[in-house]
Amino acid sequence: MKATERIFHAVLFEVLAVSLSILGLAIFTNHDITALSGTMIVVATIAMIWNFIYNWIFDQFFTGEKTQRTLSLRIFHVVLFELGLLFVTVPVMAYLLNVGIWEAFAMDIGVTIFITIYAFTFNWVYDNVRAVLLKRMARDESVTA
C-alpha cells in the first residue's frame, strides 16, 4: 500500500472503531458520553498514529500477498498491535476520565477485546475487498488498452 492508502485505511478503521467504542463504553459504564467521546477521540488519535507506524514496520518483516496471510499471522499481528497500544492508552484513559489505573485498565481491556475482534474482521474484509478491486481495475485496464 502507498502512504495515501495507508492513511485512508487508518482513518476508516478509526472512525468505525471510535463510534462503536463510545457506544459500548456508554452502555457498560456510568461515564458521561461527552467525556467518553473526548477520551476515545484522543485514544483513537494515538491508535491511528500507532496503526500507521506499526503496520508499516510489520509489512517490512512480513512481505507477500496480504490475502495469503495465515490465521496465526493475523492473530499475532492484532495481539502485538493491541499490546503496544494498551501500554500507552491506559494512563491516558485514567487521566482523561479521572479514574484509577485499574479502572482505566479494565475499561481499556474491554475496548481492547472488542477492537481486537473488530481489527481482525476489518483487516480481513479490507484486504479481500482491496484484492477484488485491484483485479477489477487491472481487468478494466486490459480491456481498454
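Is Y118 buried or exposed? Y118 is buried, at a relative accessible area of 11%. The model is predicted. Its chain has four helices and zero strands, in the order α-α-α-α from the N terminus.

**Overall chain**
- The C-alpha trace spans about 60 × 30 × 25 Å along its principal axes.
- Of the chain's 145 residues, 35% count as buried.
- Of the contacts between residues at least 6 apart in sequence, 67% join residues at least 24 apart.
- The chain has 9 positive and 11 negative charges, and their mean positions are 13 Å apart.

**Helix α3**
- Helix α3 covers residues 71-97 and has a kink of about 35 degrees centred on L86.
- N98 follows α3 and has a positive phi, near 55 degrees.

**Aromatic pairs**
- The structure holds 14 aromatic pairs.
- The ring centres of F8 and Y126 are 6.4 Å apart with planes at 40 degrees, so this pair is tilted.
- F8 belongs to helix α1 (residues 3-28) and Y126 to helix α4 (residues 101-144), so the pair ties together parts 118 residues apart in sequence.
- F8 is partly exposed at 47% relative accessible area, whereas Y126 is buried at 11%.
- The rings of F114 and Y118 have centres 5.9 Å apart and planes at 15 degrees, so they count as stacked.
- F114 and Y118 are four residues apart in helix α4, a separation of about one helical turn.
- F114 is partly exposed, with 32% relative accessibility.
- F8, F13, F114, Y118, F122 and Y126 are linked into a cluster by ring pairs.

Technical notes: Residues are numbered from 1 along each chain as its sequence is written. This is a predicted model: local features need pLDDT of at least 70, side-chain atom pairs count only at pLDDT 80 or more; totals for chains, interfaces and linings use all residues. Side-chain values use heavy atoms; hydrogens and water are left out. Helices (H or I, at least four residues) and strands (E, at least two) are DSSP runs, numbered from the N terminus. Buried means under 20% relative accessible area, exposed over 50%, partly exposed in between (1.4 Å probe, protein chains only). Contact means heavy atoms within 4.5 Å. Lys and Arg count as positive and Asp and Glu as negative; His and the chain ends are not counted. The place of a charge is taken as NZ of Lys, CZ of Arg, CG of Asp or CD of Glu. The bend at a residue is the angle between axes fitted to the seven residues ending there and the seven starting there. Rings of Phe, Tyr and Trp (its six-membered ring) pair if their centres lie within 6.5 Å; planes under 30 degrees apart count as stacked, over 60 as edge-to-face and the rest as tilted.
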